[in-house]
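Confidence, core, chain contact and backbone geometry follow.

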Amino acid sequence: MEGLLAFWAETGVANFTGGQLLMMAVGCLLLFLAIIKGFEPLLLLPIGFGAILANIPNAGFTDEGGLLYYAYHVGIETGVFPLLIFMGVGALTDFGALIANPKTLLLGAAAQFGIFSTLIGAIALNWVPGFEFSMQDAAAIAIIGGADGPTAIFLASKLAPELLGAIAVAAYSYMALVPLIQPPIMKLLTTKAEREIKMEQLREVSKKEKIIFPLMVLGLTILFLPAATPLIGMFCLGNLMRESGVVDRLSKTAQNELINIVTIFLGLAVGSKLSADQFLRIETLGILILGAVAFSIGTASGVLMAKLMSKLSGGKINPLIGAAGVSAVPMAARVVNKVGLEANNQNFLLMHAMGPNVAGVLGSAVAAGVLLAVLG
Amino acid sequence: MTSISEQLSDALGIMVMGMGLVFIFLSILIIGIGIVAKLFPPSVEVPTLATVSSNATEHTVLDPKLVAAITSAIHQYRAK
């Protein structure tokens, strides 16, 4: 009988708390979004499953010695996982469209206004009772507006590790929602005539230009913003491996096997931060709202900058491509293409939108570097 | 604990500085890309190859006799 009692005391049924059940429901919601809705399944599936694992009573996944504890400790606390992902993203990125039309870098810069304006929003939220965001917290929340998962996780792990779960979930959820969030803003800020603007075909880019580009970005970072070198350095390494053409094996590994392995553990480790005591707080709600605001402002400022450039260039630039200035590669560029086709079914903007899109990756990494340098 | 309005003015400062730095950084990059593009322009061979191949495709597309022959052949095959 005593043995049976001891067994009962160890079962999940006897030990569940309401919060754990709720967080398992959140995990199931993420699994639902990933599997049925197809929202960022590569990340939301492991995150959702990690959330379920982390809330099992008596399983000890997240206690010292548990798998999720180590995945978090080794990969995220140190910043290693997001950096390895960034290397893979670098190896996956073709900067050709950006090099052919470098002015689109300004669009990637303008869209970062979403990040910095949300910094103010997060601090202003402190007026609402129940919120106490420090400047570091606010910066980590604001980076959601960069729409770049690895950058958000990297910055959050450095500035506000206790908010990491909510920030990562918000960042990836909004990236998945790009096709829903962006088009209304894009249509609101542009006229039909502007959306119909066709852009000139991009020029050819030589191999040498593509090889020099990552080295030049790295050089600038070294000179002006060393705080951003972990992110931009790994990104440039990945891109150089791709463009140099002499290490195809390494480039392929970074693009496929390595990024996949890291994604599994990154997702699980982020999911492990979705434990009831860390996630079920009023701050989480604030983070989700601020993230959406950051994202919308980023999109709007990108479009407005593109409108300005369109006016200055005498109508050669379609303002829609500014929306791709938030990173979210390549989803944001695809959305631009779709909205452009709706206005004019002969207008293919995909390649033109890839320029600001990859510029957005650089822009948000630079913004993260600035925040890290000032507040880190 | 500093007051919220003080924090807000700090945040505003970071915003102005941050946006400024992002723009300056990427503007320098634009200049850099421009210089590199001048130094290492795409080789001349590539465009000529491209025009040759596009001519070739245009030629096949614009040959109505060939298109007609293929269409009728497909129709005959399907009719069997």
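In this predicted model, helix α6 (residues 80-92) of chain A packs against helix α18 (residues 257-272) of chain A at an angle of about 145 degrees, and their axes lie 9 Å apart. The crossing of α6(A) over α18(A) is left-handed. On the α6(A) side the contact involves A:Phe81, A:Leu84, A:Ile85 and A:Gly88, which meet A:Leu258, A:Ile259, A:Val262, A:Thr263, A:Phe265, A:Leu266 and A:Ala269 of α18(A). By class, 9 residues of this contact are nonpolar, 2 are polar and none is charged.

A second pair consists of helix α13 (residues 178-189) and helix α20 (residues 282-312), both of chain A, which pack at an angle of about 35 degrees with axes 10 Å apart. Here α13(A) passes α20(A) in a right-handed crossing. The residues that make the contact are A:Ile181, A:Gln182, A:Ile185, A:Met186 and A:Leu189 of α13(A), together with A:Phe295, A:Ser296, A:Thr299, A:Ala300, A:Val303 and A:Leu304 of α20(A). They divide into 8 nonpolar, 3 polar and no charged residues.

The two pairs are set out below.

| Helix pair | Angle | Axis separation |
|---|---|---|
| α6(A) and α18(A) | about 145 degrees | 9 Å |
| α13(A) and α20(A) | about 35 degrees | 10 Å |

**Confidence and chain B**

The model scores ipTM 0.91 and pTM 0.87. Chain B has a mean pLDDT of 79, with 74% of its residues at 70 or more. Within chain B, helix α1 (residues 4-39) has the highest confidence, at a mean of 94, whereas helix α2 (residues 45-61) has the lowest, at 49. Over residues 46-54 of chain B, pLDDT stays under 50, and the model has 2 contacts beyond four places in sequence for this stretch. Chain B contains 3 helices and 0 strands. Of its 80 residues, 15% count as buried.

**Nonpolar core**

The largest nonpolar core has 149 residues, and those with the most contacts inside it are A:Ile141, A:Ala142, A:Ile144, A:Ala156, A:Ile167 and A:Val336. Helix α22 (residues 350-375) of chain A gives the most to this core, with 14 residues. Beyond its neighbours within four places in sequence, A:Ile167 is in contact with A:Ala140, A:Ile141, A:Ile144, A:Ala152, A:Ala156 and A:Ile287.

Helix α10(A) is largely enclosed by the rest of the structure, because 7 of its 8 residues are buried. The buried residues of α10(A) are A:Met135, A:Asp137, A:Ala138, A:Ala139, A:Ala140, A:Ile141 and A:Ala142. Their cover includes α9, α11 (149-159), α12 (164-176), α20 and α22 of chain A, together with α1 of chain B.

**Contact between the chains**

Chain A contributes 38 residues to the contact and chain B contributes 29. On the side of chain A that touches chain B, the elements giving two or more residues are α8 (105-110), α9 (113-124), α10 (135-142), α15 (207-224) and α22. The most comes from α22(A), with 8 residues. This side of chain A comprises 28 nonpolar, 6 polar and 4 charged residues.

**Loops and backbone geometry**

Most residues other than glycine have a negative phi, and most peptide bonds are trans. What is the form of the peptide bond from A:Val329 to A:Pro330? This bond is cis, with omega near -10 degrees. A:Pro330 is found in the loop between α20 and α21 (331-343) of chain A. A:Ala328 also lies in the loop between α20 and α21 of chain A, and has a positive phi of about 40 degrees although it is not a glycine. A:Ala328 counts as buried because 33 other C-beta atoms lie within 10 Å, the cut-off being 20 or more.

The loop between α3 and α4 of chain A holds A:Glu40, where phi is near 35 degrees, a positive value in a residue other than glycine. With 24 other C-beta atoms within 10 Å, A:Glu40 is buried. A:Phe39 lies in the loop between α3 (18-35) and α4 (41-54) of chain A, and counts as partly exposed because it has 19 C-beta neighbours inside 10 Å. Not counting residues up to four places away in sequence, A:Phe39 touches A:Leu33, A:Ala34, A:Leu44 and A:Ala176. From C-alpha to C-alpha, A:Phe39 and A:Gly376 are 32 Å apart in space, and they are separated by 337 residues in sequence.

Note on methods
Residues numbered from 1 in each chain as written. Chains lettered and ligands numbered in written order. Predicted model: local features only at pLDDT ≥ 70, side-chain atom pairs only at ≥ 80, totals over all residues. Core = buried A, V, L, I, M, F, W, Y, C linked by C-beta atoms within 7 Å. Buried ≥ 20, exposed ≤ 12 C-beta atoms within 10 Å, placed from the backbone. Helix = DSSP H or I, 4+ residues; strand = E, 2+ residues; numbered from the N terminus. Contact = placed C-beta atoms within 7 Å. pLDDT = per-residue confidence, 0-100. Nonpolar A, V, L, I, M, F, W, Y, C, P; charged D, E, K, R; others polar. Axes fitted to C-alpha atoms, helices over the stretch in contact; angles between N-to-C directions. Left-handed = near helix turned anticlockwise from the far one by under 90°.
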